[in-house]
Amino acid sequence: MNVRTVSIICPLFNEEKFIERCILSILEQDYPQDKLEVLLIDGRSTDHTADIVRRYAEKHPFIKLLDNPERVVPYALNKGLEAATGEVIMRIDGHCTYPTNYISELVRYLYELDADNVGGVWNTQPAKDTAVCHAIALASSHPFGVGGSMHKIGASKIMETDTVPFGCYKREVFEKTGRFDTDLVRNQDDEFNGRLQNLGGKIFLIPQVIINYTARDSIRKMRHMYYQYGLYKPLVNKKLGSPATIRQFFPLLFLLCLFFGGIISIFSPFVLKMYVAMLLLYLVISLVVGAMGAIRTRRFAVMLIMPYIFLNIHLSYGFGYLRGIFKVLGGKSFNVKSNR
């Protein structure tokens, strides 16, 4: 059996709480270590992330620490690509841990399916054992929170899709598509995968490969993340020539309905009734989802917090998307500097 060489690329910034667990999960892989290189690209972290990586790199020569002075993800990915020597390029995230067969399964399906990119599904976990963190994790993996993103909500069978988390690519894919777009602080994977599909590439979700993903540990961080997801979507659409999915418009429509519906309802009793009905439906769905989470976590507060969590996700994304549209139409820069 031909065992492929694999280069693992991992952008990092201030991941001292998570990176050790991530590295240990890679060291526990059932894939031959002599066929691996792990490239951890640090954006000049201000915590002990680089020190932790150096400690493991001293013990394991196939682990290497690279510098990313630009400090944002797409630059880190491209630096990893420049340094990578493997037949297979696999992106991972320092915020996650991976099952022992993660590499072997993705590499196997990459070639069995004759795919250009394959990836697993997220098992979204709370960052802390608090009601807020449990609610954030639940909302970030529920269809009402994130729509039909199958890698976030789960799938029952292998399926062709538009994107997967992180990605496991054949090396030659990058010769065809080029590298990651450095204009995109967020959504660089979506744009790259859209570019890949436009060139006839195939992407598959492998649901039995499960990634343990740790959600953000505060509402503020979650709100910032979804705002940036929304902000960069219009730029992705512009670069690809069309929207990748319809679901990305729903938070924006919700935001507009909330704003203009509230104004119009002042003058129209019919619109007021529809407006109140929409808000009540939103509240009921949020509470029902929260109640299921409360039962599972045995935390009643999860149900009470859930409407606020969903509202933050949808409005943050919607407002970011709206601002992104104005930036694209006005030809303004997207020079937001953020690693996480």
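In this briefing, buried means under 20% relative accessible area, exposed means over 50%, and partly exposed lies in between (1.4 Å probe, protein chains only). By that rule, Tyr102, Ile103, Glu105, Leu106, Val107, Tyr109 and Leu110 are buried in helix α4 (residues 102-112). Helices (H or I, at least four residues) and strands (E, at least two) are DSSP runs, numbered from the N terminus. This is a predicted model, in which local features need pLDDT of at least 70 and side-chain atom pairs count only at pLDDT 80 or more, while totals for chains, interfaces and linings use all residues. Residues are numbered from 1 along each chain as its sequence is written, and side-chain values use heavy atoms, with hydrogens and water left out.

**Nonpolar cores**

- A nonpolar core here is a set of buried Ala, Val, Leu, Ile, Met, Phe, Trp, Tyr and Cys residues joined through side-chain atoms within 4.5 Å.
- The largest such core has 68 residues, and Met90, Tyr102 and Ile309 touch the most other members.
- Helix α13 (residues 301-330) supplies the largest share of this core, with nine residues.
- A second, separate core has 19 residues, among them Val73, Val121, Val164 and Phe180.

**Helix α4 and its surroundings**

- Contact means heavy atoms within 4.5 Å.
- The buried residues of α4 pack against β1 (6-12), β2 (36-42), β4 (88-91), β6, β8 (168-170) and β9 (203-214).
- Tyr102 touches Gln29, Met90, Ile92, Phe166, Val209 and Ile211, leaving out residues up to four places away in sequence.
- Just after α4, Asp114 takes a positive phi of about 50°.

**Helix α10**

- Most of α10 is covered, with 16 of its 22 residues buried.
- Just after α10, Gly241 has a positive phi of about 90°.

- Most residues other than glycine have a negative phi.
- Arg71 has a positive phi near 75° and is found in the loop between β3 (63-67) and α3 (73-83). At 31% relative accessibility, Arg71 is partly exposed.
- Phe166 has a positive phi of about 70° and lies in the loop between β7 (159-160) and β8. At 5% relative accessibility, Phe166 is buried.

**Aromatic pairs**

- Rings of Phe, Tyr and Trp (its six-membered ring) pair if their centres lie within 6.5 Å; planes under 30 degrees apart count as stacked, over 60 as edge-to-face and the rest as tilted.
- The count comes to 16 aromatic pairs.
- Tyr169 and Phe174 form an edge-to-face pair, 5.2 Å centre to centre with 65° between the planes. Tyr169 is buried at 1% relative accessibility, and Phe174 is buried at 12%.
- Phe144, Phe254, Tyr282 and Phe310 form one aromatic cluster.

**Cysteines**

- How many disulfides does the structure hold? The structure holds zero disulfides, a disulfide being a pair of cysteine sulfur atoms within 2.5 Å.
- The sulfur of Cys96 is too far for a bond, because the closest cysteine sulfur, in Cys22, is 7.3 Å away.
- Cys96 is buried at 1% relative accessibility, whereas Cys257 is partly exposed at 41%.

- Thr124 sits in strand β6 (residues 117-125) and is buried at 12% relative accessibility. Leaving out residues up to four places away in sequence, Thr124 touches Ala137, Ser140, Ser141, Tyr213 and Ala215.
- Thr177 lies in helix α8 (residues 172-177) and is buried, with a relative accessible area of 9%. Apart from neighbours within four places in sequence, Thr177 is in contact with Phe192, Arg195, Leu196 and Leu199.
- Gly262, in helix α11 (residues 250-264), is buried at 19% relative accessibility. Beyond its neighbours within four places in sequence, Gly262 is in contact with Cys257 and Tyr275.
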